[in-house]
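Please review the following briefing alongside the sequence and the coordinates. It is arranged by topic for quick reference.

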Amino acid sequence: MSVSTFRGIETTLRGLLAQQRSLDVSGHNIANANTVGYTRQRAELAASRPLDIGPQGLLGSGVDLTNFVRVRDDFIDVQLRAQTLLKGAADAREDGLAQVELVLNEPSERGLSTQISRYFAAWQDLAGAPENMATRQALVESARGMAEGFANLAGQLDTIRTQTAGAVTNTVDEANSLGRDLLALNEAIKAAQAVGHEPNDLKDQRDVVLDKLGVIGSVGVKDDDGDGAVTVTVNGVTLIDGTTLRTLSESGGLLSNDAPTPESATLTPELGKLGGLVELRDRTLPGYRASLDALAGTLIAQTNAIHGGGTDVNGVVRPGGYGLDGVGGRPFFSGTDAASIAVAALPEQVAAASATGKPGDPSNAQLIAAIRTDATLAPLAGATIADAYAQLVTKIGSDSREAQRAAENGKVLSDVLENRRQSVSGVSIDEEMTNLVRFQRGYQASARALNAMDEMIDLLINRTGRVGL
Amino acid sequence: MSGRITDGMTARLVLSDIQSVAERMSRSQERMSSGKQLTRPSDDPFATSRALMYREELAANVQYQRNAEDASSWQSVTDTALGQIGDLVQRARELVVRGANDTLDATGRAAIAGELDQITEAMKGIGNTQYAGRYVFSGSATQTEPYATGGADGYAGNGDLIEREIGRGVRIAVNVTGDTVLGDGSSGLIGAMRTAAANLRVGGDMNALRTTDLRAITTAQDALSTTRAAVGARANRLDAAADRLSQMEGAATQLLSNTEDADFAETLIDYSMQSSAYQAALKSGANLIQPSLMDFLR
C-alpha cells in the first residue's frame with residue numbers, strides 16, 4: 001500500500017498543533033499560578049493512530065492531543081477535608097473559649113475571686129467591730145460588689161452563648177449559600193460534560209467551594225450517575241442532590257434538610273465548625289453557667305441560713321442572728337443564682353450577733369466568715385467556695401488550652417496536607433518555564449520537519465522531469 | 001513529602017514560619033510588658049488554680065493579721081486599765097490598814113471612808129474604758145456603759161467573751177468582763193470597798209474591817225494580778241501569732257510570685273532568641289522566594 005506524498009506535512013502539522021496547545025496550557029498554568037484552588041493542567045498527548053501500510057508494518061502518523069487533564073489526587077482531598085473538619089471544630093471552640101477567658105479576667109486583682117475574698121474579709125472585719133456602722137456599710141458594699149461580679153460574669157456568659165447561637169445560624173446560612181454556589185457549578189459542569197468538554201476550571205471552583213463547606217461539616221461527595229453533577233452531603237444530610245438544593249436548618253443540635261423525606265443528623269462536637277459551635281452553645285457554656293450558679297446558690301443559701309435562720313445547704317437548722325436593731329430572721333441575700341444574686345440587708349440589719357441586745361457579739365458574723373474555709377458544703381462536693389471557683393477557672397482554662405492545642409494540631413496537619421496537595425496540583429514556575437522551553441523547541445523542530453517535507457516536495461514538483469532542460 | 005516543590009508551597013511555608021515565630025515573639029513581649037507569666041487561665045490551667053489558691057490564702061492571712069493586731073490593741077487597752085485598777089486597789093488596801101488602826105478618831109476614819117468611796121468611783125470610771133467606741137469590760141454589750149459612775153454599783157454588761165479569729169479555725173477571746181474584775185453590786189472588789197468604807201464610818205464593825213474586809217480586798221488584789229497575767233499571756237500569744245502570720249504571708253507572696261510572675265531574665269533571653277529566629281526566617285524567606293528559572297533564561 002502506497003503512502004500519500006503529503007502525509008508527512010499532515011504529520012508535522014499535528015506535531016506543530018500539539019506543541020502549540022501544550023504551550024497554551026503552560027501559559028494558562030502560569031497565569032493561574034496564584035489563583036486559589038487552581039489545579040495545574042496538562043495537555044495529554046498520545047501518538048495518533050498509525051497507518052497500516054501492508055507488509056512494511058504500521059507507519060506513525062504523529063501526535064494527537066487527547067485531553068486537558070487536572071493533575072489532582074482525590075485522596076488528598078478526602079484526607080485534607082477530614083483535617084479541616086477537626087480544625088473547624090477546634091477553631092470555633094478556641095474562639096468562644098478565648099472570649100470566656102477574657103470576661104473571666106483571672107488571675108488578676110479584678111476578677112471574681114478577689115471579690116469573693118473581699119466579701120469574706122468584710123465579714124471578718126465586721127466580726128472585729130460588729131457595732132460599727134462604717135464596717136457594716138463596708139460589708140454591704142463588698143457584698144454588692146461580689147453580687148455584681150457574679151451577675152456580670154453570668155450575663156457575659158449568656159451574651160457569649162447568644163453570640164454563639166447567632167454564629168450557628170450564620171454558619172447554617174453559609175452552608176446553604178455554598179450549596180447555591182455548588183448548584184450553579186453542578187449545572188454548568190453537567191452542561192459542559194454533556195457536549196463532551198472537560199470543564200477543569202469549573203471543577204476547580206467546585207472543589208474550592210467544597211473545601212469551604214468542609215470547614216463547616218463533614219462533606220460527602222458522590223457522582224453516582226457520572227453526569228458531572230455531584231451529590232453533596234453535610235454530616236450525612238443531603239445538601240445537593242444533583243441539581244436540587246436541599247436547604248439545611250439546625251434546631252436543638254439536630255441538622256436537617258427540607259427534602260420530601262427530611263433527613264437529619266445529630267451534631268457531635270468534632271463535626272466541624274457547626275459541631276463545635278453547637279457543643280459550645282448547648283453544653284460547654286451552659287455547663288460553666290451552671291457551675292457558677294451552683295457556687296452563687298450555695299453562697300446565698302448558706303449565708304442566708306446562718307444570717308436569718310433556717311436550714312442550711314447541709315440540712316442543718318441554724319438559729320440565725322440579729323441585727324443592730326434587735327430584729328432577726330432576715331435574709332442577707334436575695335436571689336437564687338449568679339444572675340439574680342443581690343444584697344437584701346441594710347447595714348443596720350446585718351445579723352452579726354447571735355442574740356438581741358448584744359451589739360458587740362460577733363459570733364454570727366464569725367459563723368458567716370467561716371463559710372470561707374468550710375469544705376463541707378454539700379453542693380460543692382468537698383471544696384470551699386474559693387476552691388470551687390478556682391476549679392471552674394481551671395476547667396475553663398484547660399478547655400481553652402485543649403481547644404488551642406487541637407486548633408494548632410489541626411493547623412499543622414492541614415498545612416501538611418495542603419502542602420501535599422500543592423505539591424501535586426500547584427503550579428511550579430520553574431517547571432512551567434522548562435515546559436515553555438521544551439514545547440517551543442518541539443514547535444521549532446516540527447516546523448523544521450515541515451520545512452524538510454516542503455523542500456522534498458519542492459524538489460519533486462519543480463525539479464523532477466526537467467532533465468536536460 | 002513528594003519531591004515536587006511548587007512556588008505556592010514555598011510561599012506558604014515561609015509565611016507560616018514567619019507567622020509562628022512572630023506569634024511566639026508577641027507572647028514573650030506580652031509576658032515582659034505585663035510582668036506576668038499567667039495572663040489567662042489557658043496559659044497554664046494548673047498554675048492558675050494554684051495562683052488563685054495562693055491569692056486566697058494571702059487574703060485570708062492579711063485578714064488574720066488585721067484581726068491579731070486589733071486583738072493586740074485590745075489587750076494593751078485592757079492591760080493599762082487593769083494596771084490602773086491595781087494601783088487603786090493597792091492604795092485602798094493601805095487606807096483600810098490605816099483606818100483599822102485604833103489611833104484614828106471617828107473624823108479621821110470618816111475621811112478615809114470618803115477617800116475609799118472616791119477610789120471606788122475611780123475604779124468604776126476605769127471599768128468604763130473604751131476602745132474604738134466600744135466598752136472593753138462590757139462583754140458583748142459593747143454599747144452599754146458597764147458601771148454608772150456616781151450611781152448604783154451594778155454591772156450593766158454581760159458575761160460574753162468576744163473572740164477574734166487569728167488563723168484558720170484558731171480563735172482567741174480578747175475581752176475580760178467587768179464583773180470578774182470589779183464585781184457586780186455588793187459582790188467582788190467594788191462590794192468589798194463599799195463594805196470597808198461602811199465599816200469605817202460611825203457604827204461600823206471595826207473587827208470585820210481588820211479581818212474579813214482586808215482579806216476580801218487582798219483576795220480581789222490577787223484575782224486582779226491573775227487576770228493581768230492572763231491578759232499578758234494572751235498578748236504574747238497574739239504577738240507570736242502575728243509573727244507567724246507575717247512569715248506565712250512572706251512565704252505565700254513568694255509562692256504566688258513564683259507561680260504568676262514572669263522570670264525576666266528567662267523571658268528576655270527567650271525574646272532575643274525569638275527575635276533572631278524571626279530575622280533569620282525573614283532573611284531565608286527573602287532568599288528563597290527571589291530566584292527562579294526566569295532569572296537565568298534569556
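Predicted model: local features only at pLDDT ≥ 70, side-chain atom pairs only at ≥ 80, totals over all residues.

Residues are numbered from 1 along each chain as its sequence is written, while chains are lettered from A and ligands numbered from 1 in the order in which they are written.

**Overall dimensions of chain A**
- Chain A contains nine helices and 15 strands, where helices (H or I, at least four residues) and strands (E, at least two) are DSSP runs numbered from the N terminus.
- The radius of gyration of chain A is 39 Å, whereas a compact globule of 469 residues would have one near 23 Å; the value is taken over C-alpha atoms, and the globule rule is 2.2 Å times the number of residues to the power 0.38.
- Along the principal axes, the C-alpha atoms of chain A fill a box of roughly 150 × 50 × 30 Å.

**An open sheet in chain A**
- Four strands of chain A form an open antiparallel sheet in the order 5-6-7-8; two strands pair if DSSP finds at least two bridges between them.
- The edge strands, each pairing on one side only, are strand 5 (219-222) and strand 8 (244-245) of chain A.
- Helix 4 (residues 133-194) of chain A packs on this sheet and touches strand 6 (231-234), strand 7 and strand 8 of chain A, contact being C-beta atoms, placed from the backbone, within 7 Å.
- The direction of helix 4 of chain A makes about 35° with that of strand 7 of chain A; axes are lines fitted to C-alpha atoms, for helices over the stretch in contact, and angles run from 0 to 180 degrees between N-to-C directions.
- Strand 7 (residues 237-241) and strand 8 of chain A pair in the antiparallel sense over two bridges, and A:Ile240 has A:Leu245 as its bridge partner in strand 8 of chain A.

**Contact between chains A and B**
- In this contact, 45 residues of chain A meet 48 residues of chain B.
- Helix 8 of chain A gives the largest share of the chain A side, 15 residues.
- The chain A side divides into 15 nonpolar, 20 polar and ten charged residues (Ala, Val, Leu, Ile, Met, Phe, Trp, Tyr, Cys and Pro count as nonpolar, Asp, Glu, Lys and Arg as charged, and the others, Gly among them, as polar).

**A helix pair in chain B**
- The axes of helix 1 (residues 7-34) and helix 7 (residues 264-289) of chain B come within 9 Å and cross at roughly 160°.
- Helix 1 of chain B is therefore roughly antiparallel to helix 7 of chain B, a term for angles over 145 degrees.

Notes: Contact = placed C-beta atoms within 7 Å. Parallel < 35°, antiparallel > 145°, perpendicular 65-115°, else oblique.
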